[in-house]
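Please look through the structure below alongside these notes, which are set out as numbered points for someone meeting it for the first time.

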Amino acid sequence: MAVSPDASEEANALSFEITGQNEPTPGGARLGRLAVKSRKDLSTPNFFAISSRGAVPHLTPDIIIEHAKFGGVHMALEDFIERATKETPPVMNAPGPSPLHTFTTLPSALVTLFAPRRTPAVSTPTGSSNTAISVYTSTGFQTLSNKAYVDYAVKLSPDVIVALADVPYGTKAGVKRVAKMADRTQDWLSELLNGKEDSQAVFAPILPIDSLDQTEYLNTIDELADNVSGLAFYDSNLLPDIPATTALSKLPRLSLDEPASPHHILRQVSLGMDLFTIPFIGFATDAGIALTFQFPHPTPSSTQDSSKGPLPLGIDMWSAAHNTSLTPLSPSCTCYTCTSHHCAFVQHLLSAKEMLGWALIQIHNHHVLSDFFTSIRTSIAEKTFESDCEEFAKVYESELPEKSGQGPRVRGYHFKSEGPGEKKKNRAAWGNLGGDDPDADSAVAEVVKDDTAEELEELGFAEKVAL
């Protein structure tokens with residue numbers, strides 16, 4: 001369905017309003033409100049939870065309703081189309097006005113952010129063509145054409161669609177590739193705008209290349225500002241290159257730049273980013289790390305003391321130090337995990353490989369991020385954001401703690417093998433007698449002999465039984 005150039009805001013199911021800024025001049029951290037028809041309004045800056053095959057890892061829909069505070073979920077098309085080469089993917093048969101919500105049983109209040117690839121995305125062996133990109137499904141690599149992507153988006157009716165982009169995941173684009181990236185992405189965006197339903201919201205991707213190499217593309221987006229509902233940045237460093245005087249400056253900005261720590265989030269917020277996808281939440285949960293940071297510093301009720309040096313951004317729940325600890329994961333946290341359970345219980349669950357352990361940490365970690373963004377919004381509203389960021393940098397370490405335990409089993413469609421000699425992602429469920437003991441093999445050899453039954457009986461190894 002074609003989109004007329006003078007399409008009104010009423011025809012679009014999404015609206016965005018800038019409600020405040022940290023500085024009186026345009027640019028920098030800002031407050032906003034994202035409203036999507038039939039969904040709960042989202043105050044910005046804020047974040048979308050990241051899903052895997054349609055579900056937020058470790059969290060069921062009823063747990064999300066009862067204990068989560070995030071307002072939307074990032075959905076990747078490559079999670080649903082592993083059967084596309086042989087038959088119609090099951091997701092395409094989902095009924096209702098919002099088939100994606102129906103198929104994933106996502107709570108109706110949450111916004112769905114629809115993109116072609118996961119975040120972070122696995123690099124593919126083949127690049128893009130003029131009409132398609134390569135995606136990584138649970139059964140291997142596939143080609144996804146822009147025409148097919150538009151058809152999927154129209155049928156599944158997500159709330160926000162991120163247009164297809166020619167992004168070289170895992171590699172740096174060469175000179176020839178850079179010249180094609182903007183042209184391809186521009187064509188794909190135009191096809192999506194002409195093929196989508198009038199009410200569907202589209203975020204135009206901003207490529208991770210120098211702004212000068214995509215000047216014509218950015219000008220085209222500016223001309224289509226009435227039909228584009230937002231911008232999706234694959235490199236947050238390009239945000240200052242968007243002129244504050246153009247229509248693009250009023251659009252919501254989504255970061256697909258994969259911040260690795262809360263410090264990176266704060267930097268992107270300071271540049272004017274509104275919405276985030278944050279992979280380190282899931283990485284921390286799978287590693288058994290409970291996030292403990294607060295913005296701009298721990299509350300007075302917290303037992304954390306920064307006078308002895310920077311505080312950790314999280315605690316490793318695999319540590320034996322938690323064996324008998326009856327304290328919550330974070331003393332001042334009000335999430336379900338911290339108000340109902342203690343460290344010793346969570347540590348026991350991880351040691352026993354009980355999935356409940358990771359579920360409780362996931363509830364806690366998403367709650368910590370929700371409170372983090374609430375405090376950011378308060379700081380911007382009170383005009384103290386810059387000084388609060390400086391305080392946060394002094395109080396907390398720059399990186400998350402290292403992983404020490406074995407997380408849940410890694411699925412093949414999450415990681416691409418890098419070649420021979422690569423260390424296995426999953427630890428073997430069993431091994432030789434003696435486990436990791438280097439002398440285990442020799443011990444087995446001493447016990448298992450090639451002697452006859454009579455000789456073994458003389459050695460006391462076994463007793464011969466007459467049949």
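1. Not counting residues up to four places away in sequence, arginine 39 touches Ser98, His101, Ser108, Ala109, Leu110, Val111 and Asp159, where contact means heavy atoms within 4.5 Å. Arginine 39 is found in the loop between strand 2 (30–36) and strand 3 (42–44); helices (H or I, at least four residues) and strands (E, at least two) are DSSP runs numbered from the N terminus. Its relative accessibility is 15%, so arginine 39 counts as buried, the classes being buried under 20% relative accessible area, exposed over 50% and partly exposed in between (1.4 Å probe, protein chains only). The side chains of arginine 39 and serine 98 are joined by a polar contact of 3.4 Å (a pair of N or O atoms within 3.5 Å; within protein, one must be able to donate a hydrogen and the other to accept it, and residues adjacent in sequence count only if both atoms are side-chain atoms).

2. A word on the basis of these values: this is a predicted model, in which local features need pLDDT of at least 70 and side-chain atom pairs count only at pLDDT 80 or more, while totals for chains, interfaces and linings use all residues. Residues are numbered from 1 along each chain as its sequence is written, and side-chain values use heavy atoms, with hydrogens and water left out.

3. The largest nonpolar core has 104 residues, and Phe293, Leu369 and Phe372 are those with the most contacts inside it; such a core is a set of buried Ala, Val, Leu, Ile, Met, Phe, Trp, Tyr and Cys residues joined through side-chain atoms within 4.5 Å. Apart from it lies another core, of 14 residues, which includes Ala290, Val346, Leu349 and Leu350. Leucine 369, leaving aside residues up to four places away in sequence, touches Phe47, Ile265, Ile278, Phe280, Ile281, Leu291 and Phe293.

4. How many aromatic pairs does a search of the whole structure find? There are 14 aromatic pairs, counted where the rings of Phe, Tyr and Trp (its six-membered ring) have centres within 6.5 Å, with planes under 30 degrees apart taken as stacked, over 60 as edge-to-face and the rest as tilted. Phenylalanine 80 and phenylalanine 103 form an edge-to-face pair, 6.1 Å centre to centre and with 75 degrees between the planes. This pair links distant parts of the chain, 23 residues apart, with phenylalanine 80 in the loop between strand 5 (72–76) and helix 2 (99–104) and phenylalanine 103 in helix 2. Phenylalanine 80 is buried, at a relative accessible area of 5%, whereas phenylalanine 103 is partly exposed, at 38%.

5. Phenylalanine 293 and phenylalanine 372 also form an edge-to-face aromatic pair, 5.2 Å centre to centre with 85 degrees between the planes. Phenylalanine 293 lies in the loop between strand 14 (289–291) and strand 15 (314–316) and phenylalanine 372 in helix 10 (residues 355–381), so the pair ties together parts that are 79 residues apart in sequence. Phenylalanine 293 is buried, with a relative accessible area of 2%, and phenylalanine 372 counts as buried at 2% relative accessibility. Both belong to a cluster linked by ring pairs, whose members include Phe47, Phe70, Phe276 and Tyr396.

6. In helix 6 (residues 262–271), the buried residues are Pro262, His263, Ile265, Leu266, Gln268 and Val269. They pack against strand 12 (253–255), strand 13 (275–277), helix 7 (279–286), helix 10 and helix 11 (385–395). Glycine 272, whose phi is positive, near 110 degrees, follows helix 6.

7. The structure holds 12 salt bridges, each being a side-chain nitrogen of Lys or Arg within 4 Å of a carboxyl oxygen of Asp or Glu. In one of them, the side chains of aspartate 371 and lysine 69 meet at 2.6 Å, N to O. Aspartate 371 lies in helix 10 and lysine 69 in the loop between helix 1 (61–67) and strand 5, so the pair ties together parts that are 302 residues apart in sequence. Aspartate 371 is partly exposed, with a relative accessible area of 29%, and lysine 69 counts as partly exposed at 45%.

8. Another salt bridge joins the side chains of arginine 118 and glutamate 78 (3.2 Å, N to O), and both of these residues are buried. A network of salt bridges links Glu78, Asp79, Arg117 and Arg118.
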